[in-house]
Amino acid sequence: MTSEQIAGIVAERREAFSAGITKPLAWRREQLTGIRRMLTEHGAEFEAALAADLHRSPTETQLADINVILAEVSHALKNLKSWTTPKRVSLPLALQPGRGWVIREPLGVVLVIAPWNYPIQLLLGPVVAALAAGNAVVMKPSELAPATSAVFARLVPDYLDARAVSVVEGAVPETTALLEQRFDHIFYTGGARVGRIVAAAAAKHLTPVTLELGGKSPVYVDDSVDLEAAAKRIAWGKFLNAGQTCVAPDYLMATREVIDRVVPLIDAAVHELYGSDPQASGDYARIVSPARFEALTALMRDGTAASGGQTDAADKYIAPTVLTDVADGSRIMGEEIFGPILPVIEVTGADDAIRRIAAGDKPLSLYVFSNDDRVRKAFLRGTSSGAVGLNAALIQQTVIGLPFGGVGESGMGRYRGEAGFTTLSNEKAVLSKPLKPESMTMIFPPYTKRVDSFARGLLRRLS
């Protein structure tokens, strides 16, 4: 697709927005129900697409992609009327009589750039928020999930209003051409390097951005919890989608005593999830590309495989792997892993773990497995992250009422539920007062009686 064609697509979406097509609540509901129908009527096609792109099982696709969006749609439909109702704001006595309220109005044309790892959820999640808020939308699926991208390109025109919603397929040239256009908001999910490119392009038009960037999400475990239960939750959260999840536990911290006990339990949990040979399991995904496979296998050299460690380049397979003997300054501890490798770092206790986390970039998620209330509170006070899971991993992202997003290097902006609606709306402040002569001291109390007398005389002369 040429730059001229892309410019034309964006211009058409802006024309539709300017014509008021996207603003009626009936139109918004129609688009949301269209997304629901698309996913339910063509669920098998999306399952097949993700199997082709990522070797994902149908169950995992339904759980981690489709069902999340269906819940998001239902929540938006249920709350759309209350979200769009003007919110009254009380005025100070000095401004009475009068009224104040806030109107949430659509921004205009929203660009959504999605990643490959959850190509349904992370494309349609922001799209649901954008359409609920009354915007026109340009959708850019990831070229690294080509089968899923093709399904979207084929189905979206049949289920959503083609005047206001469109799909642009392609790779870096198409994304670059899109970023040259003026949008009213850009929503990007992916890595920090490309996130900076998106932010720089948006700055040229003073376009606001939401960046969901991931990062190294730590998990801390102590001996106050049932370690077997904790190991199962950590293993599931880490190795879902072969670790290619932005909120997956990136590395584990514990004391030496806890490490010696929990590492074998994580290995046992992997066997329970995927059998004795995860490569033969229909539930275990593959690495997205040969390049990512090579990068991940290189990272594995930074430690000793206490479990897992098997690889198959032809199949883009890396076994669920736990690494021990990992040095602090190693490469694997300096970048987001985004794969099925879990480094284990020995710490002296909670205070040591908190110090290490606080010294690095703020993570997208932080997981604390502890039943000690003092430890929980210490992590909540001493660290900053987009989200915190206490005795839970990953599942916070499925809760529609919890805002999802990063902080610092892990991103900016929030969505899910009302947070997404607010992000993709303009909250317009409105103040109304009767137009009649009144005391200036009622409007500006610091004014003296002398100034008030002058103002009264001025008003009489003007009238």
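Two strands are taken to pair if DSSP finds at least two bridges between them. In this predicted model, strand S3 (residues 109-113) and strand S4 (residues 136-140) meet that condition with five bridges, in the parallel sense. Leu 111 has Val 138 in S4 as its bridge partner. Helix H5 (residues 121-132) lies across S3, S4, S5 and strand S6 (185-189), and runs at about 175 degrees to S4. Helix H7 (residues 172-179) also packs on the sheet, where it touches S3, S4 and S6, with its direction at about 155 degrees to that of S3.

The sheet to which S3 and S4 belong is open and has six strands in the order S5-S4-S3-S6-S7-S17, with mixed pairing. Its edges are strand S5 (165-167) and S17; each has a single partner strand, so one side of each is left without a neighbour in the sheet.

A second open sheet contains seven strands, ordered S10-S13-S14-S9-S8-S15-S16, and its pairing is mixed. Strand S10 (304-307) and strand S16 (387-390) are at the edges, and because each has a single partner strand, one side of each lacks a neighbour in the sheet. From one strand to the next, the twist averages 25 degrees. Within this sheet, strand S13 (residues 321-324) and strand S14 (residues 341-346) run parallel and are joined by three bridges. Val 322 stands opposite Leu 342 in S14. Helix H10 (residues 256-274) packs on the sheet and touches strand S8 (218-221), strand S9 (251-254), S10, S13 and S14, its direction making about 165 degrees with that of S14.

Helix H11 (residues 290-299) has Phe 293, Leu 296, Thr 297, Ala 298 and Leu 299 buried. Among the elements that cover these buried residues are strand S11 (311-312), strand S12 (317-318), S13 and S14.

In soluble globular proteins, nonpolar side chains tend to be buried together. Here the largest nonpolar core has 138 residues, of which Ile 35, Leu 124, Met 139, Ile 266 and Phe 379 touch the most other members. Leaving aside residues up to four places away in sequence, Leu 124 touches Ile 35, Met 38, Leu 39, Ile 69, Met 139 and Phe 152.

Side chains of opposite charge can pair when their charged atoms come close. The structure holds 25 salt bridges. One of them joins Arg 104 and Glu 427, at 3.3 Å from N to O. Arg 104 lies in strand S2 (residues 99-106) and Glu 427 in strand S18 (residues 425-432), so this pair ties together parts that are 323 residues apart in sequence. Arg 104 is buried, with a relative accessible area of 14%, whereas Glu 427 is partly exposed at 43%.

In another salt bridge, the closest N and O atoms of Glu 409 and Arg 196 are 2.6 Å apart. This pair also links distant parts of the chain, 213 residues apart: Glu 409 is in the loop between S16 and strand S17 (411-412), and Arg 196 is in helix H8 (residues 192-203). Glu 409 counts as partly exposed at 32% relative accessibility, and Arg 196 is partly exposed with a relative accessible area of 48%.

The side chains of Glu 12 and Arg 13 meet in a salt bridge of 3.2 Å, N to O. Glu 12 is partly exposed, with a relative accessible area of 43%, while Arg 13 is buried at 5%. Elsewhere, Asp 328, Asp 352, Arg 355 and Arg 356 are linked in a salt-bridge network.

Methods. Residues numbered from 1 in each chain as written. Predicted model: local features only at pLDDT ≥ 70, side-chain atom pairs only at ≥ 80, totals over all residues. Heavy atoms only, no water. Helix = DSSP H or I, 4+ residues; strand = E, 2+ residues; numbered from the N terminus. Axes fitted to C-alpha atoms, helices over the stretch in contact; angles between N-to-C directions. Contact = heavy atoms within 4.5 Å. Core = buried A, V, L, I, M, F, W, Y, C linked by side-chain atoms within 4.5 Å. Buried < 20%, exposed > 50% of the residue type's maximum accessible area, 1.4 Å probe, protein only. Salt bridge = Lys/Arg side-chain N within 4 Å of Asp/Glu carboxyl O.
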